[in-house]
Amino acid sequence: MLDDLTVDACIVVPGIMGSVLNDVETGRPLWGVDRAMLTNPLVGHGLLRSLHADESEQAADAETFRQAPLTRIRATALVSKPWWLPVFEGLEPYTDLVKALRRVTPAKDAVETFPYDWRLSVDYNGASLASYARAHLSKWRERAALSGPGGRRPRLLFVAHSMGGLVVQAALEQDPELAADTRTVVTVGTPFLGSASAVLTLNLLQAEARPKWLQERVQAMAATLPGVHDLLPGYRCLDRGLEADRLTPADVTRFGGDAHLAARSLDAHTRRWERQFVMPGHRAIVGEAQATVQTLQEQRADRSLVAGRYYAFDVDDDGEVARDPATGIPTRRDTWGDGTVHLPSAQAGTEAITYVFGQHGTLTCHDDVLRQVVNIALERRPGARLADESKGPGLEVPRLGSTFGESLPLHATGLDSPAGVTLSVTSTTTGRPGHPLTLRRDPDRTDGALTARFTAEAPDLYRVVLDTGSHVPISQLVLVSPPDA
């Protein structure tokens, strides 16, 4: 094997929202192409309604794929433009990641992408990926058969973002022979223990944000989707004062989700914990130093509204909540994360971890992540490991977006001074930068955050970039909706 090439068959597996979805009967794109579905209620109502999972889609599991795959909606490609949803926030295309892998393979077709219907269950998509990966490996082995002594037979290299890591885990657990043919799995921001953001998405009906139609339509869609429920946190995430509880199906229903889908997801968390399946060569790339919702608190007498909290509970080796020995109060600690997935969730399942300062949806175009992925593909040392829980730069933008005419607060955290720091905002549609922003110490923040305010010149999806001059820039996307949406 040449030092600058890998012989392995590579597959890029995107996260939730990361695949273009088309209506099979009409061929019409339902997701990932027409951004008007997020800004125009006349377009968005119909498209978001079409994405609701019907009864057969909700019930689909691995055996469904093997016996009678679903045919109503098809995933056709990875998203090729920046995308966004309330709570989950921005998602950048996977173009840079695919290009980086193709530069270190003998031919472009050594690298394939796996678009999948992220609305459906992880188990269903895992069975689909297992079939796809087997076909890709067989084809590549025929195409790239090595001659001469010392040649290594190609194996599989998976690079998976977010929920994609759960899909890979399901595929390899379902197919032990495929696992044996896998050299390495690289997960980037995968929520192995779930994410509190899934609960907040199901709770969007309670959100005080505009445009109200978008929050309502996204919540109604999410409440039907097995994929969203498969992201529910399986750890102790409900702060009830002197107790920290795990979610129950009744909790999820009260917050806006589906009891049956929640029960299936939470049972799957329990089974994974009991089996402790280890993916071959698993390396995790984890975003840190970003403010991340880790736990939840009920806010009303009927407990239908939940608020996100930026701390987690310490847990003892026996799985019980750690408590202050003097008071008996549960120990709370900010573990940070990538803005969507907190550190313990992204770290689970491996001790081979690389940390980067970056936001969840933009990690796959982050220079440090691309460098690490290439090093792993080439079987080199993965490079410098940043210490987890270290102080570093963070970026915060409005998680529910904003309405045109409002002033957006943008925060930079983990910095001692604004000297040498720039914060810029650019339209993803036109590429036109906004007015220069000035960061100032925010007197309303107790964490020493720096704050700037941005007023959009037009409704659009905007890219916010924080550049400290000493770290790879951190970026995030934020949607500014029309005032009449």
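Trainee: How do the residues of the lining of the largest pocket divide into nonpolar, polar and charged?

Mentor: Bearing in mind that this is a predicted model, the lining of the largest pocket divides into 15 nonpolar, eleven polar and ten charged residues.

Trainee: And how much space lies in that largest pocket?

Mentor: The largest pocket holds about 1,100 Å³ of space, and among the 36 residues that line it, the closest to its centre are Leu-193, Tyr-235, Trp-273, Gln-276 and Ala-348.

Trainee: Which element gives the largest share of its lining?

Mentor: That is α13, which supplies six residues; α13 spans 259-275, and along with α7 (163-174) and β15 (312-313) it is one of the elements that each supply at least two residues of this lining.

Trainee: OK, what about the second largest pocket, which residues lie nearest its centre?

Mentor: Of the 28 residues that line the second largest pocket, Tyr-310, Val-397, Pro-398, Arg-399 and Leu-400 lie nearest its centre. Two or more lining residues come from each of β14 (306-309), β18 (394-396) and β20 (407-413), with β14 giving the largest share, three residues. The space in this pocket is about 580 Å³, and its lining has 15 nonpolar, eight polar and five charged residues.

Trainee: Switching topic, how many cavities of 30 Å³ or more does the structure hold?

Mentor: There are two cavities of 30 Å³ or more. The largest has about 110 Å³ of space, and of the 14 residues that line it, Ile-16, Phe-88, Ser-162, Thr-340 and His-360 are the closest to its centre.

Trainee: What classes of residue are in the lining of that largest cavity?

Mentor: Its lining divides into seven nonpolar and seven polar residues, with no charged ones. The second largest cavity, of about 30 Å³, is lined by nine nonpolar residues, one polar and no charged. Ile-16 and Phe-88 turn up in this second lining too, together with others including Trp-118 and Thr-201, and helix α10 (residues 212-222) gives the largest share, three residues.

Trainee: One last thing, why is helix α15 largely enclosed by the rest of the structure?

Mentor: Nine of the eleven residues of α15 (residues 367-377) are buried, so the helix is largely enclosed by the rest of the structure. Among the buried ones are Asp-368, Gln-372 and Asn-375, as well as Val-369 and Leu-370.

Technical notes
Residues are numbered from 1 along each chain as its sequence is written. This is a predicted model: local features need pLDDT of at least 70, side-chain atom pairs count only at pLDDT 80 or more; totals for chains, interfaces and linings use all residues. Side-chain values use heavy atoms; hydrogens and water are left out. On a 1 Å grid over the protein atoms alone, a cavity is a set of points where a 1.4 Å probe fits but cannot get out, and a pocket is an open set with protein on both sides within 12 Å along at least five of seven lines; lining residues have an atom within 4 Å of a point. Grid points are joined across faces, edges and corners, and a volume is the space filled by probe spheres set on the points. Helices (H or I, at least four residues) and strands (E, at least two) are DSSP runs, numbered from the N terminus. Ala, Val, Leu, Ile, Met, Phe, Trp, Tyr, Cys and Pro count as nonpolar, Asp, Glu, Lys and Arg as charged, and the others, Gly among them, as polar. Buried means under 20% relative accessible area, exposed over 50%, partly exposed in between (1.4 Å probe, protein chains only).
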